[in-house]
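Here is a friendly walk through one structure, from its metal site out to its surface. Please keep the sequence and the 3D view at hand as you read.

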Amino acid sequence: MNTEEKIAIFPKGDQGSADYFNGTAWVKILVPKDQTGNYSVGNVVFEPGCRNNWHTHATGQILLVTDGKGWYQEKGQAARSLVKGDVVVIPIDVVHWHGAAKDSSFTHIVITNNSPEGPVKWMYRVSDEDYNQLP
Ligand code: MN
């Protein structure tokens, strides 16, 4: 039993779409966008090796890491290793991906601002070649 299973804070939710995740991920919406704010809050659990596609957020996004080991990478930059307690502030319209390490699950809370164009624009997959270069 890994750490996430022993002390998971939030329910796992539903399996993330294969259109956006390469591997198995679980998405639980904790706070849907409503009239009290222009953001939504969710919990995402990535199984080992799973990552989301390259994407952008028209009004940015915040990641709060709560368990496991993972990665955040902006296009053209080195990938940043993430562990429990790390906070990532993702700027407007920066192409990036986030996901688990090869040998660990990874859990983060996402706070995503909405915009007239929606909260996220999905792009193409992170290739196995690029992902497998990570330690
Ligand atoms: Mn993102």
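## Ground rules

Throughout this report, buried means under 20% relative accessible area, exposed means over 50%, and partly exposed covers what lies in between, with a 1.4 Å probe and protein chains only. Helices (H or I, at least four residues) and strands (E, at least two) are DSSP runs, numbered from the N terminus.

The model is predicted: local features need pLDDT of at least 70, side-chain atom pairs count only at pLDDT 80 or more, and totals for chains, interfaces and linings use all residues. Residues are numbered from 1 along each chain as its sequence is written, and side-chain values use heavy atoms, with hydrogens and water left out.

## The manganese site

Let us start with the metal. The manganese ion is coordinated at 2.2 Å by H55 (NE2), H57 (NE2), Q61 (OE1), H96 (NE2) and H98 (NE2). Donors here are N, O and S atoms within 2.8 Å of the metal (3.2 Å for Na, K and Ca); water is not among the atoms, so sites may look incomplete. Along the sequence, the donor residues follow the spacing H-x1-H-x3-Q-x34-H-x1-H.

Because H57 lies in the loop between strand 6 (55–56) and strand 7 (61–74) while H98 lies in strand 10 (residues 96–100), this pair ties together parts that are 41 residues apart in sequence. H57 counts as buried, at 2% relative accessibility, and H98 is buried with a relative accessible area of 3%.

The loop between strand 6 and strand 7 also holds A58. A58 counts as buried at 16% relative accessibility. In space, the C-alpha atoms of A58 and E117 are 7.3 Å apart, although the two residues are 59 residues apart in sequence.

## Three salt bridges

How many salt bridges does a search of the whole structure find? There are three, where a salt bridge is a side-chain nitrogen of Lys or Arg within 4 Å of a carboxyl oxygen of Asp or Glu. In one of them, D128 pairs with R51, and the closest N and O atoms are 2.8 Å apart. D128 belongs to helix 2 (residues 128–132) and R51 to strand 5, so the pair ties together parts that are 77 residues apart in sequence. R51 is buried, at 4% relative accessible area, whereas D128 is partly exposed at 48%.

K69 and D103 meet through their side chains in another salt bridge (3.5 Å, N to O). K69 sits in strand 7 and D103 in the loop between strand 10 and strand 11 (106–113), so the contact ties together parts that are 34 residues apart in sequence. K69 is partly exposed, with a relative accessible area of 38%, and D103 counts as exposed at 61% relative accessibility. K12 forms a salt bridge with E47, with 4.0 Å between the closest N and O atoms. K12 lies in the loop between helix 1 (3–7) and strand 1 (14–15), and E47 in the loop between strand 4 (39–46) and strand 5 (51–52), so this pair ties together parts that are 35 residues apart in sequence. K12 is partly exposed at 34%, and E47 is partly exposed at 28%.

## The largest pocket

The largest pocket holds about 440 Å³ of space. Of its 25 lining residues, the closest to the centre are Q61, V110, T112, V120 and W122. Q61 is also one of the manganese donors. Strand 4 gives the largest share of the lining, five residues.

On a 1 Å grid over the protein atoms alone, a pocket is an open set of points where a 1.4 Å probe fits, with protein on both sides within 12 Å along at least five of seven lines; lining residues have an atom within 4 Å of a point. Grid points are joined across faces, edges and corners, and the volume is the space filled by probe spheres set on the points.

## Loops and backbone

K102 is found in the loop between strand 10 and strand 11. K102 counts as partly exposed, at 37% relative accessibility. Most residues other than glycine have a negative phi. D93 is partly exposed, with a relative accessible area of 45%.
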